[in-house]
Amino acid sequence: MSRGFDAIIIGAGQAGPPLAGRLTAEGMSVALIERHLIGGTCVNTGCMPTKAMVASAYAAHLVRRAGEYGVGIGGDITVDMARVQARAHGITRDAREGNTRWLEGMERLTLIRGHARFTGPSAIEVDGERLTAPRIFLNVGGRALVPDLPGVDRVPFLTNSSILQLTEVPEHLLVVGGSYIGLEFAQMFRRFGARVSVVERSPRIVMREDEDVSEALQSLLEDEGIAIRTGAECIRLQPGREGGVAIAVDCADGPPVMEGSHLLLAVGRVPNTADLGLDAAGVETDARGYVTVDEHLKTSADGVWALGDCNGRGAFTHTAYNDYEIVAANLLDGANRKVGARVSGYALYTDPPLGRVGMSESEARKSGRPLLIAKRPMSRVGRAKEKGETKGFMKLIADAETHRILGAAILGTGGDEAIHGILDAVHAGMDYRTLRWAVPIHPTVSELIPTLIMDLAPA
Ligand SMILES: Cc1cc2nc3c(=O)[nH]c(=O)nc-3n(C[C@H](O)[C@H](O)[C@H](O)COP(=O)(O)OP(=O)(O)OC[C@H]3O[C@@H](n4cnc5c(N)ncnc54)[C@H](O)[C@@H]3O)c2cc1C
Ligand SMILES: NC(=O)c1ccc[n+]([C@@H]2O[C@H](COP(=O)([O-])OP(=O)(O)OC[C@H]3O[C@@H](n4cnc5c(N)ncnc54)[C@H](O)[C@@H]3O)[C@@H](O)[C@H]2O)c1
């Protein structure tokens with residue numbers, strides 16, 4: 001049996017469902033195929049559950065600090081991991097069910113549950129059924145990378161998905177990987193009461209950020225009692241002496257073996273492209289399996305586009321959604337939007353969070369432009385003092401000749417929100433001098449943005 005559609009979308013993550021909404025609204029018949037949970041990674045095992053758990057961890061942290069604010073708490077502070085998880089799962093379930101209802105009620109949409117793979121150009125097979133369409137959109141996302149570390153097959157390990165099923169606080173959580181996933185889980189589990197050790201292969205955590213960011217983050221995590229081991233190049237995994245897991249790191253300074261009760265692998269993601277039958281349709285990938293796309297997100301095969309994490313052009317929910325906006329605008333609105341025009345912005349949800357936009361200082365220096373830089377510790381931000389959250393700093397980097405902002409980092413309370421004032425200015429291509437005369441609201445973290453601009457100096 002074969003069914004024909006105007007369009008087929010594979011994957012109901014962050015780009016597929018809104019694209020289905022636009023295409024069906026234009027009168028097209030669309031098949032949306034999902035093999036697992038509607039909403040994909042962000043809703044089910046990524047942003048939503050982790051940010052819900054970060055909120056629980058923040059509550060535990062603040063309660064422990066209550067005395068500093070003049071607030072007394074009677075009795076011991078306890079964390080009920082099962083309730084923390086139930087809260088997070090409730091939030092994700094509501095989102096997933098809302099998305100599912102929306103898609104099930106969408107006119108001209110056929111929602112198909114199953115694994116899709118190409119059988120030829122314009123042809124897909126799901127559970128033995130053949131589907132064809134002149135337009136096929138890949139939104140297949142990715143999954144946790146399980147690295148080929150010696151001993152990985154001899155020890156139990158957790159990923160970002162399975163760690164969401166823990167109903168008890170681990171005694172000692174070992175985290176391999178000191179970037180987004182590793183650090184967000186490390187801090188939250190420390191705040192839930194676990195001992196936590198992070199092992200990172202690079203010379204510093206969050207290696208893609210500037211050194212001052214890595215240093216400040218490491219120091220604030222260590223202040224909370226998290227052990228961090230960087231430059232750990234020769235990691236071997238082995239069963240622990242008293243059950244649990246051990247990581248042998250005998251190639252660097254420090255103790256040669258770290259033992260823990262649980263192990264989280266947080267060393268990156270792999271795209272879900274190996275089992276898609278891409279060869280049958282002539283869709284090319286790079287060496288790491290990411291679908292190769294052009295500036296309009298078209299693949300090497302006519303009539304096939306790739307959106308979201310699987311195209312390697314972004315690794316965030318907002319970049320996946322923006323991919324949908326680009327494809328929809330070009331196909332349906334006669335636009336000529338390009339992925340390269342996107343201003344890079346993201347946040348790391350430690351507490352305090354790191355809000356980032358554009359270039360890091362080291363990238364800006366490598367570009368060879370004449371730079372102006374301003375930096376201010378959060379201990380000199382009124383709102384941070386009032387909140388009792390003064391760790392971190394804000395940094396702004398501008399081009400001295402063009403007067404454009406090149407990048408910024410706000411590692412500090414509210415940094416994930418305040419960074420948007422700068423992100424919008426970069427997006428608008430604004431001359432930073434325009435912002436000098438903005439009248440921001442007091443007391444906020446954002447109110448320091450004009451001050452930072454006044455402080456810009458050759459560096
Ligand atoms: C722990 C964690 C925390 C994160 N936190 C944040 C955050 O705070 N902010 C942020 O911006 N980003 C965050 N991310 C990243 C974010 O989740 C992803 O960038 C985003 O979900 C990518 O969306 P996507 O649509 O490309 O793919 P996905 O959301 O992964 O969706 C792909 C879908 O395709 C389906 N699929 C795959 N292959 C097939 C097939 N052959 N047939 C049918 N269906 C298929 C999958 O089942 C899945 O549902 C986080 C990620 C993780 C892991
Ligand atoms: N706040 C957010 O937006 C957010 C949160 C979580 C995840 N994410 C997304 O998920 C993706 C994956 O995150 P991630 O943290 O797993 O990957 P990542 O690629 O950001 O970092 C992986 C880290 O593991 C280290 N590493 C790699 N191999 C190692 C080894 N063998 N031993 C020790 N360390 C090793 C790397 O040096 C790096 O620091 C990110 O690209 C991000 O886009 C985003």
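A residue is buried if 20 or more other C-beta atoms lie within 10 Å of its own, exposed if 12 or fewer, and partly exposed in between. The exercises below use this rule on a predicted model.

**Exercise 1. Decide whether Leu 183 is buried or exposed, and state which residues Leu 183 touches.**

Step 1. Locate the residue: Leu 183 lies in helix H5.

Step 2. Count the neighbours. Leu 183 has 26 C-beta neighbours inside 10 Å and therefore counts as buried.

Step 3. List the contacts, leaving out residues up to four places away in sequence. Leu 183 touches Gly 178, Ile 205, Leu 221, Leu 348 and Thr 350.

**Exercise 2. Apply the rule to Tyr 180 and to His 442, and say where each residue is placed.**

Step 1. Tyr 180 is placed in helix H5, which covers residues 180-192. Its count is 22 C-beta neighbours inside 10 Å, so Tyr 180 is buried.

Step 2. His 442 is in the loop between helix H11 (415-427) and helix H12 (448-455). Here the count is 9 C-beta neighbours inside 10 Å, so His 442 is exposed.

Step 3. An unreviewed UniProt entry lists His 442 under "active site".

**Exercise 3. Describe the surroundings of Val 175 and the strand that holds Val 175.**

Step 1. Val 175 belongs to strand S10, residues 172-176. With 28 other C-beta atoms within 10 Å, Val 175 is buried.

Step 2. Neighbours within four places in sequence are set aside. Val 175 is then in contact with Gly 182, Phe 185, Ala 186, Val 196, Ser 197, Val 198, Val 199, Leu 264 and Ala 266.

Step 3. Look at strand S16 (residues 262-265), which holds Leu 264. S10 and S16 pair in the parallel sense over four bridges, and Leu 173 stands opposite His 262 in S16.

Step 4. Sort the side chains of S16. In a regular strand the side chains alternate between the two faces of the sheet. His 262 and Leu 264 point one way, Leu 263 and Leu 265 point the other way, and all are buried.

Step 5. For a residue in another place, take Arg 380. Val 175 and Arg 380 are 205 residues apart along the chain, and their C-alpha atoms are separated by 33 Å.

**Exercise 4. Give the strand order of the five-strand sheet and find its edges.**

Step 1. The sheet is open, with parallel pairing and the order S4-S3-S2-S8-S18.

Step 2. Strand S4 (109-113) and strand S18 (304-306) are the edge strands, and each pairs on one side only. From one strand to the next, the twist averages 15 degrees.

Step 3. Take one pair in detail. Strand S3 (residues 30-34) pairs with S4 in the parallel sense over five bridges. Ile 33 has Ile 112, in S4, as its bridge partner.

Step 4. Helix H1 (residues 16-25) lies across strand S2 (7-10), S3, S4 and strand S8 (135-138), and runs at about 170 degrees to S3.

**Exercise 5. Describe the shells around ligand 1 and ligand 2.**

Step 1. Ligand 1 has 36 residues around it, and Gly 11, Gly 13, Gly 40, Gly 141 and Gly 308 come nearest. The shell holds 15 nonpolar, 17 polar and four charged residues. S3, helix H2 (40-44), helix H3 (47-64) and helix H8 (317-332) each supply at least two residues.

Step 2. Ligand 2 is surrounded by 26 residues, and the closest are Gly 177, Ser 179, Tyr 180, Arg 201 and Ala 315. H5 gives the largest share of this shell, four residues. The classes are 16 nonpolar, six polar and four charged.

Step 3. Compare with the record. The "binding site" annotation in the unreviewed UniProt entry includes Gly 177, Ser 179, Tyr 180 and Leu 183. The annotated residues are spread over 92 residues of sequence but cluster in space, with a largest C-alpha distance of 14.0 Å.

Definitions and conventions. Residues are numbered from 1 along each chain as its sequence is written. Chains are lettered from A and ligands numbered from 1 in the order in which they are written. This is a predicted model: local features need pLDDT of at least 70, side-chain atom pairs count only at pLDDT 80 or more; totals for chains, interfaces and linings use all residues. Two strands pair if DSSP finds at least two bridges between them. Axes are lines fitted to C-alpha atoms, for helices over the stretch in contact, and angles run from 0 to 180 degrees between N-to-C directions. Two residues are in contact if their C-beta atoms, placed from the backbone, lie within 7 Å. UniProt positions are given in the numbering used here, feature names are shortened, and annotations may be inferred rather than shown by experiment. A residue is near a molecule or strand if its C-beta atom, placed from the backbone, lies within 6 Å of it. Ala, Val, Leu, Ile, Met, Phe, Trp, Tyr, Cys and Pro count as nonpolar, Asp, Glu, Lys and Arg as charged, and the others, Gly among them, as polar.
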